Structure formats: structure tokens, C-alpha cells
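My entries are below, in the order in which I made them.

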Amino acid sequence: MGNKKIKKDQLNTLFNELSKDCSVLVPTRSKGYIGFDLWDENNGDFIGWYKNTTIPLKANFFPKVEDMFRFNKGEGGYEIKEILPEEESQIIFGVRPCDARALKIIGTLFADTYKDPYFLKRRENAILIGLGCNEPCDTCFCASMGASPGESQDVDLLCTDMGDELLFETVSKKGEDLLSNMRGLSDSSDGDSSKAKELREAANNKIQRKIDTSNLKEKMRANFENREYWENVSMKCMSCGICTYVCPTCHCFDIHDENNKKDGLRVRNWDSCKFPLFTRMPMENPRHEKWRRVRQRYHHKFEYYDMNFGVIACTGCGRCIRECPVNVDVTQIITGIQSL
Amino acid sequence: MENRLKEEAGKLLKEGKVDYIVGYGKGSVKFRTSPLITNKEEELENLVINPFIANNLSRYPIELKARVGIVVKGCDSRSLISLIQDKKVNREDVVILGVPCEGVVDIKKIEKHIGKDIDQIEEIKREGENLTIQANGSNQTLSFKDAIFDKCLGCEYPTPLEYDVLLGTEISPKPDMEKSLMRIKELENMDATDRWSYWREEFSKCIRCYGCKNVCPACFCERCFIDVNIPQWVNTYATWQDNLVFQLIRTLHVAGRCSDCGECERACPVGIPLRSLQRKMVEEVKDLFDYEAGVDKDALPVFTHYEDTDPEEFIK
Amino acid sequence: MVESSQNENIEILTYSEVEEVGGYIGNFDVKIRKKARFVDIDKCTGCGTCYQKCPVKVPSEFDMEMGMRKAIYVPFPQAVPNVPVIDKEHCRMFTKGKCSICQKLCQADAVDYEQKDEIIEDRFGAIVVATGYDLFDASVYGEYGGGRFKDVITGLQLERLISPAGPTGGHIKRPSDGKEPKNVVFIQCVGSRDIEKGVPYCSNVCCMYTAKQAVLLKEHLPEVQTNIFYMDIRSAGKNYEQFVQRTMEQYGALYIRGRVSKIYQRGDKLIVKGADTLVGIQVEVEADMVVLATGITPRHDSKNLAGILSIPYDQFGFFTELHPKLAPIETVTSGIFLTGACQAPKDIPDTVASASGAAAKVASLFSSDEMSMEPLVSTIDTAVCSMCKACVEVCPYGAIQEEEITLRDGTKKKQLIVLESVCHGCGACVSTCRSSCIMLRGMTDEQIFDELMAVAQ
Amino acid sequence: MEETKWEPKVVGFLCHWCSYAGADLSGSARLEYPHNIRIIRIPCSGRVDPMFILRALQNGVDGVIVSGCHPGDCHYQSGNFHARRKFAVIRRLLDYVGIEPERVQFSWVAASEGPKMAQVINEFVEGVRKVGPNRLFKDERRDGE
């Protein structure tokens with residue numbers, strides 16, 4: 001498994017080359033927020049400023065609006081026409097380890113008993129090229145979530161920023177194949193690998209924010225009925241859906257029919273447990289009060305998901321902390337639980 | 001100011017005049033503050049007043065349904081007055097701790113001006129009319145005016161309009177309307193088609209997180225029209241058209257009650273310039289009906305009252 | 001009046017004012033202030049000793065201040081109930097604290113200086129508004145003397161002079177020196193149809209009462225010459241035109257079409273200068289007395305009453321009917337009816353007709369315990385209402401009211417309800433409700449939406 | 001797709017007491033107005049929610065006209081006064097986001113003004129015809145193939 005490297009000024013050529021066969025997505029801020037978009041020469045400067053996207057990687061696999069199928073009422077009943085994502089392979093460059101891990105976490109759900117064709121099709125056709133973080137953000141706490149800012153096993157290729165050069169390391173078979181087809185790269189030395197290792201360690205040490213996940217499940221279960229605690233921490237929450245929509249692992253959706261008398265479209269939209277209507281039923285709403293809704297989000301991530309799939313559905317990307325308009329901080333909430 | 005606040009807030013809790021104090025506490029993110037809502041005297045130590053107190057806290061008294069001592073800036077006081085007009089907050093149930101405010105620092109503006117991101121900035125200090133910003137070990141100065149939110153540039157009421165305790169001295173307004181409304185003027189001067197494509201572009205970004213409506217102090221409905229499904233006024237299917245319709249209707253609903261606190265734009269994670277819509281309506285309402293939201297708590301709300309002489313030259 | 005007072009179903013509350021009206025058709029909760037008259041209605045026998053002996057004399061309002069009354073008095077001889085009232089502002093017991101002659105003389109012991117206002121709160125099924133009118137104040141016309149000349153009087157003053165129960169006992173004597181007038185000038189449209197100084201509308205009754213007074217004058221004083229300055233003669237009622245013709249032909253009234261520009265005193269005569277526009281000359285009449293046909297204005301406090309009743313009024317202060325042609329008696333507030341000159345200047349036949357109409361409306365309303373109404377009414381989904389009460393403010397009928405309910409867990413909750421009998425179904429509340437929690441039955445958002453979708457296809 | 005001449009499709013929200021009656025009168029007076037208008041009768045112009053207008057435009061209608069009683073003539077006293085305030089801001093807002101002002105019109109037409117109703121509709125439809133089909137707002141995705 002040979003690793004390779006490339007000079008940063010050669011990246012443009014590399015991306016141009018890759019764009020010929022498939023679509024290449026790179027981070028851009030041209031839209032006014034940071035997200036992945038098709039590569040073009042004008043947005044090749046991201047290496048200089050890129051930290052992480054505002055909208056997480058999940059949006060590329062589980063879009064905020066998904067057309068599922070069209071239906072049509074004909075003579076002999078309903079006719080259904082499935083809409084599946086296009087069979088087009090894409091390379092996503094600049095995936096942060098936390099997001100790659102998040103994709104894997106929700107991947108287990110989408111590939112559970114029910115195999116979600118939309119998510120899986122896209123995942124199958126995508127090659128993720130990770131980009132390790134040398135300078136993690138103030139809000140990151142990935143190190144506490146069983147991950148590391150610079151390292152990832154959930155991508156196909158992992159890049160490390162070595163200053164003038166980028167080091168490409170293969171992680172998966174898919175990645176290995178891609179790397180062997182990439183031109184303009186030079187072989188890397190063992191020195192490069194150890195330098196990358198040092199950089200990763202340094203990055204890991206830069207992470208300031210920490211939470212303690214030991215016995216968290218049990219601790220949370222014990223405090224499920226601790227109304228006072230949850231009321232206190234949820235007091236400032238505004239019940240918007242920002243934290244869930246920017247979260248790389250939140251995956252709740254709402255299925256809805258857009259019908260038009262005879263024909264229509266079934267769509268799947270993002271939904272958020274923070275919305276008061278999320279659990280509303282004809283007679284009542286089991287999560288009518290705000291503290292119950294806030295509690296749900298953390299319990300789901302740190303307890304239920306762990307129970308069902310053996311992993312905490314949080315990767316410590318820190319988006320929810322950064323984007324929350326009232327600064328509700330998951331690390332404070334978990335630390336609070338641990339200290340109860 | 002901070003000490004005075006702690007003292008006054010402590011007194012209010014101790015004397016049992018209020019059940020809660022709603023103020024600003026230190027945030028868990030650099031250069032951010034976070035709403036601090038408490039009924040415990042010992043937590044009042046964490047109250048802060050600094051140039052980063054961006055949140056508009058006036059929504060909280062509605063939810064708390066209790067007597068509240070609330071910290072407000074000039075703009076927030078207008079939201080609160082609006083809520084009093086809308087009968088959502090009883091004036092008797094709130095003790096208003098007014099903070100005269102010269103403007104709130106927009107960290108994004110600083111990032112843009114000095115070309116460094118928030119993680120690189122170590123310290124921001126106010127020195128007279130300037131800010132000294134320490135980033136990556138070196139110092140840079142920036143005029144305070146260049147670092148505050150656009151809405152603050154055009155602020156006509158820096159001192160709260162309604163308060164029980166004023167925590168500082170009154171500040172005379174120095175609104176720079178031209179700068180504050182620059183983006184709106186630019187849009188107005190565009191071609192209609194360009195304007196349309198501008199909004200189309202912006203609303204394609206919307207992810208319908210409803211941050212805008214949930215932080216808005218004028219959006220206090222128990223159920224938003226967006227959640228009505230008989231009939232389905234706005235589709236959950238978030239096309240840009242539906243996103244735009246949602247925001248246009250929201251704009252009309254808050255028109256006459258919006259006092260340009262700018263929270264919607266600040267909350268928007270994808271950076272849709274919502275203030276350009278809301279502030280535009282503030283200007284229109286002023287122009288059409290000579291009405292400013294949240295200036296007088298006894299004024300008659302603009303869209304539930306009318307004058308025989310209202311403008312109607314647009315009616316054919 | 002006397003007949004009404006003896007009907008067991010009618011209770012007449014005189015010297016009383018309506019202070020508050022709540023509720024709705026069939027269930028109006030009315031608060032009435034029955035003012036203290038300082039004479040016990042139940043004890044008083046109406047003997048009249050008190051006002052005969054009262055030492056204080058005050059100009060009589062009923063006689064248009066041409067005669068005197070006492071500080072304890074019955075407003076006019078046929079007043080119902082025939083019980084005197086004490087005028088607190090002039091009675092010596094109230095101004096100086098001593099006198100009490102009436103109390104001492106009253107054999108029924110009915111005089112009570114300590115009497116207090118009484119508040120009556122009761123529920124009524126319907127309300128008929130018959131508050132009448134005020135007389136236009138002619139003193140704004142400086143050219144007619146502006147009140148300086150004693151012998152320039154109003155039509156109503158002349159009415160008192162003619163009346164056998166009036167200050168002169170029915171003998172027509174001019175106020176200044178008590179002489180019988182020989183030459184009388186009537187000026188019509190004083191205040192009416194005058195955009196500059198008066199009101200723009202026609203007061204409806206002046207043409208006819210002027211003609212009637214010209215006839216009566218002639219009958220009382222056969223020697224008198226009546227001259228009537230008029231703008232147009234409006235005699236559009238049954239037999240009215242014939243009456244005016246008779247006034248001219250049989251009673252010799254001289255109708256001069258034109259306005260009066262000036263009145264001034266010369267000796268004991270009043271010189272009336274005016275124009276005769278039909279002939280095109282200036283005329284000058286030497287008169288002994290001038291009678292101004294002053295117009296009708298709304299009651300000075302009609303707007304206040306409109307507020308209490310939540311009924312609309314026009315730009316002058318006359319109450320507005322529900323529909324000028326099809327519902328001239330009803331108001332927008334169901335269960336409140338208009339009659340008489342509080343609605344617009346009306347003469348006696350019109351007033352009686354509208355009063356009969358109102359009575360019939362009320363009677364038919366009361367004939368059944370149930371009432372049918374338009375199905376187009378609003379309802380509020382209280383579960384999602386956020387109580388901003390914007391709907392309350394836009395509702396022109398006051399149909400949305402707050403009520404308090406007790407929830408299952410015992411807590412109290414305030415909510416808004418639509419009074420179905422009051423709602424007219426305009427839908428203003430529906431479009432004002434930001435959270436779409438009001439539904440206008442029969443014209444719901446869903447129905448309109450479906451219509452819209454159908455036409456948009 | 002077959003090439004047909006485009007005809008504007010406009011929706012009119014007419015109040016029951018004045019404008020709807022006015023439209024009726026113009027019909028009984030044998031006055032002509034274009035068939036492009038589809039009329040929805042509402043009790044009062046005050047019933048019109050801005051949502052009606054936006055939803056109509058979004059669903060492919062080329063123009064929306066709202067008509068009520070003249071100020072002071074409202075059957076419900078104040079409906080059109082409230083509507084007037086709402087319409088004033090709606091108009092400015094729609095213009096601000098770039099919707100041609102010709103597409104949305106408000107008018108006062110009394111029950112006796114049959115000729116005016118016909119004229120208003122005529123002029124409005126002509127105005128919409130001039131600005132062309134409402135392609136901006138149309139939601140192609142939902143229409144399907």
C-alpha cells in the first residue's frame with residue numbers, strides 16, 4: 001500500500017484531470033456559507049481557509065429534500081414510478097474525519113433491516129477523500145468521541161496537509177484504485193508518514209473541549225426523569241432546528257405526499273426533534289414541553305443510538321455549538337450529566 | 001455596568017420582585033455570550049455586559065410565564081414593547097434592566113476585515129473608538145464602527161425606550177443610515193429580474209431550520225402558519241419557491257412589529273440576508289403609515305387599526 | 001307616555017344614563033346609572049306643593065329660557081313620572097346648606113337630600129336607541145344677530161310662545177317688550193345645507209314646521225304678516241305640498257326665495273335685509289320678530305353612546321343603520337335598533353314609523369327562544385390560538401370575546417371565543433390571524449385554497 | 001408540446017357585496033371583459049390573506065386582482081380599510097423581491113360600477129399580457145414530467 005504526495009500547486013491539475021471522468025466536489029464558500037460544490041478553478045483556494053463545512057456531509061447523501069417516487073392514479077389503480085439517484089460516481093474532496101465518521105454512523109442505520117436505496121446508492125458511488133485537521137476549531141471535541149482530528153478509517157483516501165505538500169494515504173480498496181489512477185503524484189517516504197503522524201498528534205493535543213463518555217449511557221438513563229436538570233439546560237433553547245440540520249448524524253425525516261388530485265410525488269424532508277410538531281399526534285404530543293424535546297435529542301445521540309447500533313451518534317464536530325443562536329453547548333450538557 | 005447589573009438583579013431576586021433574571025452570561029464559544037436565565041442568586045455572578053451581547057432576550061418572558069427581570073439593549077426594548085402591545089408580555093410582570101448600547105460586535109465582520117478566522121483571534125479589546133484585535137500573536141486595530149452589525153450602524157434608539165433601571169448613561173443616537181441600509185439600497189437599484197434572481201439564489205440555500213422564526217421576538221405564535229396542513233399553505237417540500245413564500249409571509253406577519261433586531265439574519269446558518277427583507281418592511285411601514293414598531297407601548301398596532309386617510313394611490 | 005308608563009311590561013327609567021353595554025343579542029348586560037333626583041318616586045304624590053313654594057327661580061330649559069322654573073321642578077307639565085327633581089346646582093340646600101322648605105312642606109316625606117345615584121345592572125334582549133337630536137346653535141350666525149337681539153328667536157321658542165302651557169300662556173308676545181308682533185320674518189335653513197357655518201345636510205323638518213308656525217301665527221293673530229325666506233321648499237311628504245300651498249294662499253304667508261344677509265335694530269323694529277332671487281332684487285323687511293328655522297344636529301354626546309353600544313356613526317354623529325335601504329332600523333350590532341332623529345333628521349311620521357318598525361323587530365326577535373342566522377361565522381381553534389388578540393381588534397362587531405375556562409387539571413385558562421350570534425362572517429379576523437387558527441365556516445381557507453387550485457390548473 | 005398561443009390566466013378575488021355584484025352587473029349590461037379572469041368570490045376584501053396571492057402566483061397564475069368596496073362602503077364597515085393597509089405592504093414587498101407590479105392589482109369597484117369592473121379587468125389582463133407568462137415563480141419540479 002504505497003502512499004503518495006503532491007505539491008499543493010499541482011492540485012488544480014489533479015482536480016481538472018479527475019473532473020473528466022466524474023464529478024469532483026470540493027469545499028467552497030461562494031454561496032455565502034461553506035459547503036461542497038463542483039470543482040472549478042475559481043474555488044481552488046480552499047486549502048488556505050477551509051476548516052469545515054456549515055452544512056454537513058450528510059446532505060450530499062441524505063439531501064434535505066428527496067424525491068422518492070411519483071404516483072399516478074390510472075384506470076387500474078395507482079402507478080408508481082420510482083425515482084432513484086443518478087448513477088454517477090463522485091469524488092468528494094476535503095471530507096473531515098468527523099464527518100466521514102458520521103456518515104459511517106448513519107450508514108449503519110440506512111443499511112439496517114431496511115436498506116435505504118437513496119442513501120446507499122449515493123454512498124456506493126462516492127469516493128471520499130479525507131483531509132485531516134491540523135488546526136482544529138475551538139468548538140471541536142472529536143478527540144472525546146473516539147476519533148481524532150487528523151485520522152480517519154472511514155474515508156477512502158486520507159490527505160494530510162504537510163505545508164507545501166499534501167500526503168495521500170490509502171485507507172480502502174476504492175481509495176487504492178483511485179490513487180493508482182491519479183497522475184502527477186510522487187511517492188512518499190517513510191519520513192513523510194512519520195511527519196504526518198506527528199502533525200496528527202499535535203492536532204489531537206490542540207483539542208481543548210472534552211467530554212467524558214464513560215458510563216454515559218447509564219448515567220443518562222438514570223437522569224431521564226431529572227426534570228429539573230433538563231428544564232434548566234433547555235431554558236434558553238429556541239426550539240429551532242439549526243442544531244439538528246447542521247448535525248452530521250441527525251437523520252430524522254418526514255415523508256410527505258405532494259399530491260395534485262390524480263398524480264403526485266412522495267418526498268422525504270429533513271425533520272427535527274426540536275420542532276414542537278415533531279411528535280404531535282391527533283390526541284396529544286408526548287413531547288409538548290421544550291425540555292422533553294431537548295432531552296430527546298441528547299438521549300437519542302448518547303443513549304438510544306448506542307443501544308441500537310453500539311456507537312454514540314455524535315462525532316464532536318462542534319457545529320451545533322457554533323451555529324446555535326443561543327449557544328446551547330452539548331459538551332456542557334453532557335458534562336453536567338456526568339457531574340450529577 | 002456589569003457590577004451594577006449584578007447588584008440590581010440580586011436585589012430583585014432577593015426581594016422577590018421577580019422569579020427569574022434573564023441576562024447574558026459568558027458563552028462557551030469565543031467572543032459569544034449566551035442567554036443566562038436563572039432564579040438562583042449565586043448564578044448572577046456569571047452575568048456579563050460586553051460588546052458581544054448579540055441575543056435579543058425579549059422572547060423569554062413569554063415562555064417563562066413568570067415575573068422576569070430582563071436585560072435589554074435599545075433594540076431589544078423595542079421588541080419587548082412590541083410584545084407588550086401584542087399582549088404577550090404584561091408590563092407589570094417584567095422589570096426591565098436597560099443597557100445603553102453603542103453597538104454589538106459582529107465577529108464575522110472582524111474575520112473579514114482582518115482576514116483571519118475566529119480560531120486565530122485571541123483577544124478583542126475596545127479602546128475608545130477602536131478595537132484592538134490580537135490574532136496569531138500580533139495586534140491589529142479596527143474602527144469599532146466597522147466591526148458592529150449593520151443594524152447597529154443605523155440604530156436610532158441606543159438607549160432602551162422602556163426600562164425600570166438604566167444600567168448606564170443615556171447614549172445619543174448617531175445613526176449612519178446610508179451604511180446601515182446599503183444592501184437594501186443596492187437591491188432597490190437593481191433591475192426587477194436581477195432582484196428576483198438574487199432572492200432565488202438566496203432562498204435556494206434555505207434548509208428550513210426555522211431558526212429565523214424561532215429566534216424572532218415577533219414570531220410567538222403557538223402554531224406557525226408554516227405548520228398548518230389544512231390547507232397546506234407552504235409545502236414541506238422545500239423548493240426555493242416555497243422557502244421564499246414562507247419568508248415573504250413571515251415578513252408580512254412581522255411587518256409593523258419587527259423592529260430590526262437582526263436576530264433572524266444572525267441565526268441563519270446559511271447566511272441568507274434576511275435583514276434586507278425585514279428592514280425593508282420597517283422602512284415601508286414607516287413610509288406608508290408613519291409607524292415605528294416598539295417605540296410606544298400604548299400605540300395602536302399598525303395592522304389591526306387603520307386611518308381613513310391611509311395611502312391608496314396604488315389602488316385602481 | 002302616560003299609557004306606556006301604565007303598561008306592566010314597560011319600565012320607564014327617566015333621569016338615567018346607560019353607562020356600559022356588554023353581551024350580545026338576547027343577552028345584553030347593561031349598566032344604567034339612575035341619577036339621584038332627591039325625591040322618592042314611590043312616596044311622591046305629585047301634589048306640587050314643593051315647587052310652588054320653592055324660593056329659587058331658574059330659567060326654564062323646557063321653555064327655552066323664556067320662562068322660569070324652580071330649583072325643585074317637574075320639567076314640563078305632562079312629564080312622566082310626575083315627580084319633581086331637585087336641581088343640585090341651584091337648590092339652596094346644596095349651594096348654601098340651608099332652606100329645606102320643600103322637605104318641610106312635603107306631606108309624603110318624599111324629599112331626601114341624601115339620595116345617591118343608583119346603579120342598575122340587568123340583562124336585556126334588545127336595545128332600541130331613540131336618543132333624539134340637539135338643536136343647531138344659531139349663534140354662529142353673526143348676520144342674524146348671533147343672539148344679541150331678543151326678538152330673533154328660534155322655531156322652538158316660537159313653539160313655546162304659541163303653547164297654552166308656555167311662558168306666555170299661549171299669547172304670542174315678543175320677548176323684548178311683550179308686544180304682539182305685526183310683521184314676522186321666518187328664516188329657513190339656519191345651519192342646514194350650509195357647508196361654511198353649519199352642516200351640509202337638509203334637516204328635513206324645518207320647511208314644514210315653519211309653514212305650520214306661519215299658519216298658527218295667523219290663526220292666533222289674524223293681523224300678522226308672515227314673510228318666509230327660503231332656499232328651496234322641501235315638502236316631500238303625504239299632503240305636505242298642499243299644506244305649504246294653503247299656507248301661502250289661505251294664510252297669506254309671503255315666501256321669498258333668498259337668503260338674509262343682515263338683521264339690525266332700528267328703533268323697536270328689526271330690519272331684515274335679504275335678496276329675492278326670483279325677482280332679482282334686494283329686499284328689506286321691517287319686522288317685529290324674526291324666527292330662525294334652526295336645523296337638527298346629533299346629540300352632543302352621541303359618539304360617546306356609540307362607543308358604549310359599539311354601533312357606528314357617520315361623520316356628523318348620527319348613528320348608522322345596517323343598510324340604508326334594506327335594513328334601515330337595524331345596526332351592525334345585532335339586537336340594537338335605531339329609531340327617530342338619532343339616526344338622521346326625521347319628522348314625526350317618519351319617527352313613528354321607525355319606532356313601530358323597531359318595536360316590531362324586537363317583538364319578532366322575542367317571539368321565539370331561538371333565532372336563525374347566517375351560517376357564515378368564524379370559529380377559533382383555541383388549542384393553537386396564541387392569544388395575541390389581533391382578531392379582537394379588527395372585528396367590527398366585537399364578536400370575539402375572552403372567556404376563562406377550567407381545564408381538566410383544575411388550572412384556569414383564558415381563551416377567545418366567537419359569539420356566533422354577533423359574528424357577521426366578514427372574515428377580517430381570519431386573514432388577520434397569523435397562525436391561521438380562525439376558520440370562517442363556509443368560506444374556510446381550505447375551500448378558497450381548493451378553488452384557487454382548481455382555477456390555477 | 002403543441003405550440004399554442006399563450007393567454008394570460010388571472011385570478012380575481014372579488015368581494016361579495018360590491019365587486020362581485022359589479023362584475024355581475026357588467027354581465028347583465030352585456031359589457032365584455034376578457035375570459036382570462038377566473039373569479040373567486042369572497043365575503044370581503046378583508047378576508048384576503050396574502051397567502052392567497054402568493055399561492056396563486058406560485059401555482060402558475062399570471063396575475064392576481066383583488067377588488068373590494070370603496071372605502072367607507074364596506075358592508076362590514078372596516079374590512080376594506082384593514083385590507084388597504086395589508087395590500088399597501090404586500091405590493092411593496094412583492095415589488096422588492098422582483099415580481100412585476102403589473103401582476104398584482106387592487107381596486108375598489110362598487111356594485112353599481114359594472115362598466116368600471118369591465119374596464120378594470122380589461123386593463124389588468126392587458127397589463128399582464130404585456131409582461132408575459134409568469135415563469136419566475138412557477139414551480140417546475142412539482143409539475144412532474
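The notes go from chain contacts to the sheets and then to the domains.

**Entry 1: which chains touch**

I noted at the start that this is a predicted model. I then asked which chains share the most contacts among the five pairs in contact. The answer is chains A and B. I also checked chain A against chain C and found no contact joining them. The closest C-alpha atoms of chains A and C lie 9 Å apart.

**Entry 2: chain B against chain A**

I looked up the residues on each side of this contact: chain A puts in 36 residues and chain B puts in 29 residues.

**Entry 3: chain D against chain B**

Here I found 29 residues from chain B and 31 residues from chain D. On the side of chain D that touches chain B, at least two residues each come from α2 (50-58), α3 (79-97) and β4 (104-108) of chain D. Which of these elements gives the most? I found that α3(D) does, with 13 residues. By residue type, I put this side of chain D at 16 nonpolar, nine charged and six polar.

**Entry 4: the sheet of chain D**

I traced an open sheet of four strands in chain D, with the order β2-β1-β3-β4 and parallel pairing. The edge strands are β2 (37-42) and β4 of chain D, and each of them pairs on one side only. On average, I have neighbouring strands of this sheet turned by 20° against each other, direction ignored.

I then followed one pair. Strand β1 (residues 10-15) of chain D runs parallel to β2(D), and six bridges join the two. Val10(D) has Ile37(D) in β2(D) as its bridge partner.

Next I asked what lies across these strands. From chain D, α2(D) lies across β1, β3 (63-68) and β4 of chain D, at about 155° to β3(D). From chain C, helix α12 (residues 445-456) lies across β1 and β2 of chain D, and runs at about 175° to β2(D).

**Entry 5: the sheet of chain A**

In chain A I traced an open sheet of eight strands with mixed pairing, in the order β3-β2-β6-β7-β8-β9-β1-β10. Why is one side of β3 (35-38) and of β10 (186-187) of chain A left without a neighbour in the sheet? Both strands stand at the edges with a single partner strand each, so one side of each has no neighbour there.

I followed β1 (residues 4-7) of chain A, which pairs with β9 (residues 165-170) of chain A in the antiparallel sense over four bridges. Within this pair, Ile6(A) stands opposite Leu166(A) in β9(A).

I noted two helices on this sheet. Helix α5 (residues 173-181) of chain A touches β1, β7 (126-131), β8 (157-161) and β9 of chain A, and its direction makes about 130° with that of β9(A). Helix α1 (residues 11-19) of chain A lies across β1, β2 (23-28) and β6 (90-95) of chain A, running at about 140° to β2(A).

**Entry 6: domains of chain C**

I looked up how chain C is divided: domain 1 covers 36-116, domain 2 covers 133-297 and domain 3 covers 378-456. I have the centres of domain 1 and domain 3 of chain C, taken over C-alpha atoms, separated by 54 Å.

Key:
Residues numbered from 1 in each chain as written. Chains lettered and ligands numbered in written order. Predicted model: local features only at pLDDT ≥ 70, side-chain atom pairs only at ≥ 80, totals over all residues. Contact = placed C-beta atoms within 7 Å. Nonpolar A, V, L, I, M, F, W, Y, C, P; charged D, E, K, R; others polar. Pairing = 2+ DSSP bridges. Axes fitted to C-alpha atoms, helices over the stretch in contact; angles between N-to-C directions. Domains from an automatic or database assignment.
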